[in-house]
Amino acid sequence: MNLNLAHLHLIMNHVPTIGSVAALALLLLGYVRRSEHLKHVGLEVLFVIAVLTLPVYVSGVAAHQEVKTFKEVSDDAIRVHQDAALIAFVVMEFAGFVAWAALWQWRRHGRAANGLVPAATVLLVLALAVMARAANLGGEIRHPEILEGAVAAPAGNPERFMTWSVNQVAVYSRWAWPAAETVHFLGLSLSFGVLLAVNLRILGVMRQIPFADVHRLLPWGMLGFGANLITGMFFFVGQPGQYSSSEPFKWKVVFLVIAGANFLYLTVFVRPWARGNDRFDAGLGDKAMAILSMASWVAVLWAGRMLPFLGKAF
Amino acid sequence: MLEWIDSTALSTWLKESPSVWAFPTVLTLHTTGMGILVGASYVLDLRLLGIGRNVPLSGYRWVFPTVAVALFINIVTGILLFIKDPTHWGTAIPFLIKMLLVIASVATVIPMRRLVTGSGAEQRDVSSNMRLLAIASIIVWSGAITAGRLLAYVVP
């Protein structure tokens, strides 16, 4: 059997909804029991789910390409689902960023700033609501048994669709694509610089500096990454056909997930703080994580830059 | 001169080889070098502007060998990219603007190197001139990336 991205979408598409429920349950339980520890775990789960939502979204677009020639599948039903999924993806990523900011402050100051954890919780509830809608619309594509009456989406004007509007800007605007490419490269450089500083410190360069002082730089790395997530999604939503069946793009997403998990580790890992932070000498495991971090980001860059050559992007 | 470069075997190989290890790898190395070169410079600029001010300046000595290695990679790959289409780039104003911006960027790193390598173990203060230089450095590095990226669109 040839396992394609449509299969991957079917395997993974319940992860964001079920994962969000789990993260929300942990957070709410943390409030009820007044347990900071439970809230912390809830935020970590939320961050991981936000990372995993990326492959779910992009594999869904690939699945669309696979099935759009099937007669029994309504293209409009898929487009309605895709639009709902894009909104859900955006809210989920936003919740993930806020959760990350709370975790970063927690590690740095011993607690998150007032309001940050409740903000992450509220965003998660919102994400769950829009995600449930997207999931329901997705279910209607292949499960007519859950439909009440006619298909919710009458065939017709493609201009109703948000993804279509993004596509129009990507194709017809003279400056939008070059501008987004430029921001993508600037963001890449900023992220690389910060990760270089943090990982070199773990590997033993500038050992006289407390780890907390390089940890201080992480939000700047996140800023670069945020710029690249936004511009990257603009490319993907604008020209999905260039990426959805592209071999290097698959690898790019795989390494993004690895790098994302690794970034969580760099944000919350315990050892330098447990040792009073000064003169922290990383163990072999931490050094392996630092090397994995740099290797996976370089792999993301290589897969991305190779898109026009190994894939068919321009 | 440009036409002679254009006719060399190296230029032909870069233009015509279907191998991923030819032009695509040179270009990707150039981008990787850019990320390291500009990234390390950005982090130092941020420090001079007060981000991570607890860190003594001497903690940033790693930036200079890193910049040197990445700059070397990008000069070599940059020359190769030029050799691929010398008549194209050699006559394009946007390309010359990019070169000037790169030279200006590297020039901003030199006084910073003198400051950081000459600083004592506990020195943390940065003069206001150095802060201005850091701002200039961010602007010219970003300008160099912008110019480089736009070359693909504005030079037909």
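## Contact between the domains of chain A

How many residues of domain 1 of chain A are in contact with domain 2 of chain A? In this predicted model, 22 residues of domain 1 are in contact with 23 residues of domain 2 of chain A. The domain assignment places domain 1 of chain A at residues 1-156 and domain 2 at residues 163-314. Taken over C-alpha atoms, the centres of these two domains of chain A are separated by 21 Å.

On the side of domain 1 of chain A that touches domain 2 of chain A, helix H3 (36-67) and helix H4 (75-109) of chain A each supply at least two residues. H3(A) gives the most to that side, with eleven residues. By residue class, that side of domain 1 of chain A divides into 15 nonpolar, two polar and five charged residues.

## A:Ala25 in helix H2 of chain A

A:Ala25 lies in helix H2 of chain A, which covers residues 15-32.

The C-alpha atom of A:Ala25 is separated by 7.7 Å from that of A:Gly42, although the two residues are 17 residues apart along the chain.

## Helix H3 of chain B

Helix H3 of chain B spans residues 23-48 and has 26 residues. From its first C-alpha to its last, H3(B) reaches 37 Å, close to the 38 Å expected at 1.5 Å a residue. H3(B) is followed by B:Gly50, which has a positive phi near 105°.

Methods. Residues are numbered from 1 along each chain as its sequence is written. Chains are lettered from A and ligands numbered from 1 in the order in which they are written. This is a predicted model: local features need pLDDT of at least 70, side-chain atom pairs count only at pLDDT 80 or more; totals for chains, interfaces and linings use all residues. Helices (H or I, at least four residues) and strands (E, at least two) are DSSP runs, numbered from the N terminus. The expected span of a helix is 1.5 Å times one less than its number of residues. Domain bounds come from an automatic or database domain assignment. Two residues are in contact if their C-beta atoms, placed from the backbone, lie within 7 Å. Ala, Val, Leu, Ile, Met, Phe, Trp, Tyr, Cys and Pro count as nonpolar, Asp, Glu, Lys and Arg as charged, and the others, Gly among them, as polar.
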